Amino acid sequence: MVSIVISSFNYERFLAQAIDSALSQTWPAVEVIVVDDGSTDGSRAIIERYGAHVQAILKPNGGQGSALNAGFARCRGNVVLFLDSDDILLPSAVEQVASAMADPAVVKVHWPVAEIDETGRTTGRIVPHMPLCRGDLRDRVMTEGPYGYRRPPTSGNAWSRALLERILPMPEPSFRTCPDLYLAALAPLYGRVECIETPLSRWRTHLVNHSWRDDLAQRVQEGIERDECTMSALVGHAQRLGLAADRAAWKSNAWWSQIGAAIADIASVVPENGSFILADEDDWASGSRIAGRLRVPYMERDGVYGGSPADDGEAIAELQRQRERGERFFVVAYPHLWYLDHYRDLCIWLSSSARECLRNDRVAIFDISTATD
């Protein structure tokens, strides 16, 4: 038995597609549980249309973590998938997951997700674009903390019941969003992580994403608190397993702490009300302004993020184009400082033609205003 738990809050527009994808699995033993987390739109009417085909949990709004807790408390599957209600599972997803989870030593199976836009069209982007990790990842997590290995978003993971019984319920106030961080951080302590290399789900990006639309400063503060809560949980579980945890060493790899510090770095270099080009692959989901500065996406297409450069030539040409438009500062930001290794000719161009203003483990900031071609 495999359980698909769909958590939903005011995603009336997308909910039916998520439910249909869960009900269309090729695996014969699937139960579908839909947790409505206090929606005020037409979501509950959509759920009612499915009748006995789904199990509905209608609860007051408590956030995504509380929805996952409620869904797991109801489900019966040996394997559990948590599906965001704006995402879609491909028909063979459960079948492939069940095969990968046949080994009882495997507690987590994950796969890359194919990005789709608001209308459901594929964008061509795979998230994450770099290979996922597999195997015994306990040492990596104990060394680097909750972000010790690359992982996909919530809808790109499956979990063993044996694992979830050890780590759920999760703390609900800290995980109104991003509950996958808690699950992914703790999983390697209890078993192996397996990887399916092809996308099994479609991950939707859209302007009403609840995780992205709040003010960036507020999201950073909430994210730092969530990181701290996750690290506390990781220390607690490690101690129960007799493992030594060095929480202080994890700080340099804590996502939101690093982003908060990176924003302070940018503000120390870029004048207030100024602008800068930001290479972050839109992972910060920051909107058009950061700390009172205008953010120009890299690469920029019609004012929005247009994907990473295809090669060094395109990477350099984009900066030359932005310089001619009057942009002065180029920022490569955590967690994408690897750009400066991957795009070697870009790095050479910056070193020889631009002025490095600041560089650390969070940001590399260059003044490109006087760069030569």
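Q: Which handedness does the β-α-β unit made by β1, helix α1 and β2 have?
A: In this predicted model, strand β1, helix α1 (residues 12-23) and strand β2 form a β-α-β unit that is right-handed. The term describes the path seen with the strands pointing away from the viewer: from the first strand over the helix to the second, that path runs clockwise.

Q: How do strands of a sheet pair?
A: Strands of a sheet pair through backbone hydrogen bonds, and the pairing is either parallel or antiparallel. In the present case, β1 and β2 (residues 30-37) are paired in the parallel sense, with seven bridges between them. Within this pairing, S8 has D36 of β2 as its bridge partner.

Q: How many bridges join β1 to strand β4?
A: Strands β1 and β4 (residues 79-84) run parallel and are joined by six bridges. Here I4 lies opposite L81 of β4.

Q: Is strand β1 mostly covered or mostly open?
A: A residue counts as buried when its relative accessible area is under 20%. By that criterion, β1 (residues 2-8) is mostly covered, with seven of its seven residues buried.

Q: Which residues point one way from β1, and which the other way?
A: One way point V2, I4, I6 and S8, while S3, V5 and S7 point the other way. The residues of both sets are all buried.

Q: In what order do the four strands of the open sheet stand?
A: The order is β5-β11-β7-β8, and the pairing in this open sheet is mixed. Its edge strands, each pairing on one side only, are β5 (88-89) and β8 (122-127). As for the strands β7 (residues 113-116) and β11 (residues 201-204), they run parallel and are joined by four bridges.

Q: Why is the radius of gyration compared with that of a compact globule?
A: The comparison rests on chain length: a compact globule of 373 residues would have a radius of gyration near 21 Å, and the protein has 21 Å, so the two agree. Along the principal axes, the C-alpha atoms fill a box of roughly 65 × 50 × 35 Å.

Q: What describes the protein as a whole?
A: The protein has 13 helices and 19 strands. Of its 373 residues, 56% are buried. Among contacts between residues at least 6 apart in sequence, 71% join residues at least 24 apart. The accessible surface comes to about 15600 Å², and carbon and sulfur atoms account for 50% of that surface.

Note on methods:
Residues are numbered from 1 along each chain as its sequence is written. This is a predicted model: local features need pLDDT of at least 70, side-chain atom pairs count only at pLDDT 80 or more; totals for chains, interfaces and linings use all residues. Side-chain values use heavy atoms; hydrogens and water are left out. Buried means under 20% relative accessible area, exposed over 50%, partly exposed in between (1.4 Å probe, protein chains only). Helices (H or I, at least four residues) and strands (E, at least two) are DSSP runs, numbered from the N terminus. Two strands pair if DSSP finds at least two bridges between them. The radius of gyration is taken over C-alpha atoms; the globule rule is 2.2 Å times the number of residues to the power 0.38. Contact means heavy atoms within 4.5 Å. Accessible areas come from the Shrake-Rupley method with a 1.4 Å probe; for residues, only the protein chains shown count as cover.
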